Amino acid sequence: MLLTVDMADLAASADATASLLTFSLGSCIAVSVYDVDARVGGLLHFMLPESSIAPAQARDNPAMFADTGLVALFTSAYALGAEKSRLRVKVAGGSQLLSCDGSFDIGKRNYLALLRILRRNGVKIDAEDVGGGVSRGMRLDIGNGAVTVKTRNGEVSL
Amino acid sequence: VNPTTIASVVDEIDALPRLPESALRIMDALRNPQASMAKIVEAIRFDQSMTTELLRICNSAYYSRSRRIASLQEAIVVLGATNLMRIVLAAHSRTLLAAEQRGYGLPPGALWRHSVAVALAGDKLGEGLPPAQRATLFTAGLLHDVGKILLNERMELNYAAIALRVARERIPFPQAEQEVLGFTHADVGAAIAERWGLPEPIVRCIRYHHQPALARTSDPLLDRVHVADIACLLLGIGGGDDGTHYRADIGALRRVNLPPGGIERLGLETVLALKQVEAAHLATAA
């Protein structure tokens, strides 16, 4: 079963036949988590680094932001039986424009916010494909934890 | 050597689904600052399917009211004339823009999604402009990428050459389009808008939406379409394989004068508004 995760959204699953997909990441970042023992995984497509710019919207749409989105992603995976020590974390996205002033470097700020939050919580990234200008999509297969990044040039496993 | 000319591309326009007459009438009614409710109703009411769809949207859970809405006049009161126009135009443009554009790596629905997002983002940036200008801005945002529809097949054939240039020379996607095809999706879009007889300010926004500096004089509508488009491309809203291979025009950015954190807020509000539009349309698709 294919389950599409929209931008500013997330999904978690323990269904071995399910695949979680997200597309057109741009400067947004997709974060996948997977517990191979529990066979539980989740996928987040967050858009902006900090929920502090809009706390009210963050309550209704936690997956919009890195900070609230990561909490929601990990919580959803734990609720299905995943354990923090076993979670493998993979990351894709964070594209940049060819040139812009600092206000448009959302991709970079998203990535830095992600690193900061994961480090603070003692979680490391197992694999990543970030930056540049290429359009990416990400897919997580719940059955075996395989993560692939899709671009026009094809799919690469992460 | 590329034998195609822009004229031969534009001749293919007649094969496109046209913008319905009622859409043109609505745009016309909106550009008139004194547009009365009667005139707006007049523009829609002959379009039976649109009237039905609007009433369904008004009566959907999303806009739920205690009372059933049975007429266009009531619908305008419920949604407000401006909101109603946006829903109508977004719905009209769906027939034109919803198809898959494989050449650009746009799955079904993506170009429509991107176009509506740019219209909504441009509208946010247009707060404070006179209503007639905001209506023009909304339409220009909705149609800015219409040229991609006609270039799609050529893109399928030439994508590899264009992508190679983008990667090797680090040039923006439209510049590589220009070098390989001889024109950009913006040129073709402007030619389509001219052929359809759309007003000059809309044609101009479409033609220069990636290069506002090429327009001889600065134009608040063009600046806003450019910044709205760049923001949506950056965030990947309805994005294709062209990804974020674009350049923001510093002059346009300065003139639009986003406050610090303005791009985040613009992205946030655009995505939330887009989710509303999509929910309203999904509600009527059943």
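1. Start with A:Leu20, which stands opposite A:Leu140 of strand β8 in chain A. Keep in mind as you look that this is a predicted model. The two strands to find here are β3 (residues 19-22) and β8 (residues 137-141) of chain A, which pair in the antiparallel sense over four bridges. As a reminder, strands of a sheet pair through backbone hydrogen bonds, either parallel or antiparallel.

2. Now zoom out to the sheet around that pair. In chain A, five strands make up an open sheet, and you can trace the order β1-β3-β8-β9-β10. Its pairing is mixed. At the edges sit β1 (2-4) and β10 (154-157) of chain A, each pairing on one side only. From one strand to the next, the twist averages 25°.

3. Over in chain B, have a look at helix α5 (residues 72-79). Which of its residues are buried? They are B:Leu72, B:Ala75, B:Ile76, B:Val78 and B:Leu79. Viewed down the axis of α5(B), these buried residues fall within an arc of 165°, so they line one face of the helix.

4. At its start, a side-chain oxygen of B:Ser71 comes to within 3.2 Å of the backbone nitrogen of B:Glu74. After the helix comes B:Gly80, with a positive phi near 85°.

5. Finally, visit B:Asp145, in the loop between α8 (131-143) and α9 (147-169) of chain B. Is B:Asp145 buried or exposed? With a relative accessible area of 1%, B:Asp145 is buried, because the cut-off for that word is under 20%. Leaving aside residues up to four places away in sequence, B:Asp145 touches B:Leu111, B:His114, B:His185 and B:His209.

Methods
Residues numbered from 1 in each chain as written. Chains lettered and ligands numbered in written order. Predicted model: local features only at pLDDT ≥ 70, side-chain atom pairs only at ≥ 80, totals over all residues. Heavy atoms only, no water. Pairing = 2+ DSSP bridges. Axes fitted to C-alpha atoms, helices over the stretch in contact; angles between N-to-C directions. Buried < 20%, exposed > 50% of the residue type's maximum accessible area, 1.4 Å probe, protein only. Contact = heavy atoms within 4.5 Å. Arc of directions from axis to C-beta. Polar contact = N/O pair within 3.5 Å; in protein donor to acceptor, adjacent residues only side chain to side chain.
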